[in-house]
Amino acid sequence: MDTKVIKINRDRPEDRLLEEAAQILRQGGLVAFPTETVYGLGANGLKEEAARKIYAAKGRPSDNPLILHISRGEEIEPLVTGVPETARRLMDAFWPGPLTMIFPKSGIVPYGTTGGLETVAVRMPSDKIANRLIALAGVPVAAPSANTSGRPSPTAAEHVMQDMDGKIEMILDGGPVGIGVESTIVDVTGPVPVLLRPGAVTMEMLRDAVGRVEIDPAITGPVAADVKPKAPGMKYRHYAPKASLILVEERAEAAGKVTPAVVCEINRLARQGASEGRRVGILCTDETKDRYSCGVVRSAGTREREETIAHSLFAVLREFDDLDVDVIYSESFARDHLGQAIMNRLTKAAGYQVIYAGEKGEERYAGE
Ligand code: TXA
Ligand code: MG
């Protein structure tokens, strides 16, 4: 299949171009499009057959459910059996925007979209291209991140090209996305909302809006083989670069800070890797990038503004892939505010491998 790539104006998306994409969606085809978080791979969310094509293009296990994207608040009504009061408050506070909520599904949502679950994930993106495309399609758009399953999510149209060229009908190129990590997911089916995946709508913001919010344990640590995580996607090794990624971190109160001991340990590991003939990558920040003396050094952004790190994280991981790096040593970040989302993606990409600075070479599980 020839994949058509169309450039779209992010601020004033051209309806004439979007109409062609909307028609592909209505007819059951696949269109990748930008959202404010990452690029999505869209299909008609009410057609099981269309959802099947998404799983095939991504190579994604079919028990991993898809998010339904809507363009206006009222479009949620036919998709769910009810909207609880806390969900209303979260919608008022954060929609349109990078927040997905889990509801009991209605009869019109096919099990092919929800991975067989009785619940459905719904999100209303704020990105103008995404929002207008969904409105023109006239159906809820099922869209996972537009990457091959297991690779870092795409934050630019070029990343989508790398993974999806020849597999889907169209890619809408709206330039690089703003946020860079996927939406926050909150389960609102129980009495207390539960955070299933951290994102740009942070835990602190959720608690400000609705008070009590719990955290699913799959966010902070590895999921045991016999435990079924609430967001099925959390059990897979995700966001994974080809190289093995290892986090280097301080313990306890200094965790997340880059101390001289962290820089020193990363330099030591990098030199050791290089001497063993491995190509080493170092994932760091603007504040420290000049302190590394060996390997391919990439800064994801500045610690002063963590949104710069969220924005570039996946692009940097993809760049290490392109450079055929064998092992990546990464600095760590504080696990609050946006740092919670950044560390969630990094620890999962690392398969929870952490080396604590000062404990030469000893590997432990994060959260131990
Ligand atoms: O920012 C985003 O959310 C992007 C853009 C394209 O909107 N989409 C995205 O989709 O990240 P995806 O499929 O890569 O991740 C969706 C996550 C998966 O971990 C999946 O398991 C979880 O949402 N999920 C979907 N439906 C669910 C449900 N009914 N119950 C629990 N988890 C669900
Ligand atoms: Mg994904």
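1. A residue is near a molecule or strand if one of its heavy atoms lies within 4 Å of it. In this predicted model, 26 residues surround ligand 1 in that sense. Thr37, Asn64, His69, Ser183 and Gly233 are the closest.

2. A word on conventions. Residues are numbered from 1 along each chain as its sequence is written, while chains are lettered from A and ligands numbered from 1 in the order in which they are written. Local features need pLDDT of at least 70, side-chain atom pairs count only at pLDDT 80 or more, and totals for chains, interfaces and linings use all residues; side-chain values use heavy atoms, with hydrogens and water left out.

3. Which side chains make polar contacts (N or O atoms within 3.5 Å) with ligand 1? Serine 183 has a polar side-chain atom 2.5 Å from an oxygen atom of ligand 1. For arginine 197, a side-chain N or O atom is 2.9 Å from a ligand oxygen. For serine 145, the distance is 3.0 Å. The protein covers 99% of the 680 Å² of accessible area that ligand 1 has on its own (Shrake-Rupley method, 1.4 Å probe).

4. Look next at the shell around ligand 1. Strand S4 (67–69) and strand S6 (119–123) each give two or more residues. S6 gives the most, with four residues. Strands here are DSSP runs of E, at least two residues; helices are runs of H or I, at least four. The shell holds 13 nonpolar, eight polar and five charged residues. Gly counts as polar here.

5. Strands pair if DSSP finds at least two bridges between them. S9 (184–187) and S10 (194–197) are antiparallel, over three bridges. Valine 186 has leucine 195 in S10 as its bridge partner.

6. Two backbone details deserve a check. Most residues other than glycine have a negative phi, and most peptide bonds are trans. Tryptophan 95 and proline 96 are joined by a cis peptide bond, with omega about -5°. Proline 96 sits in the loop between H3 (85–94) and S5 (99–104). Histidine 337 has a positive phi, near 50°. Its loop runs between S15 (327–330) and H10 (338–349).

Conventions. Polar contact = N/O pair within 3.5 Å; in protein donor to acceptor, adjacent residues only side chain to side chain.
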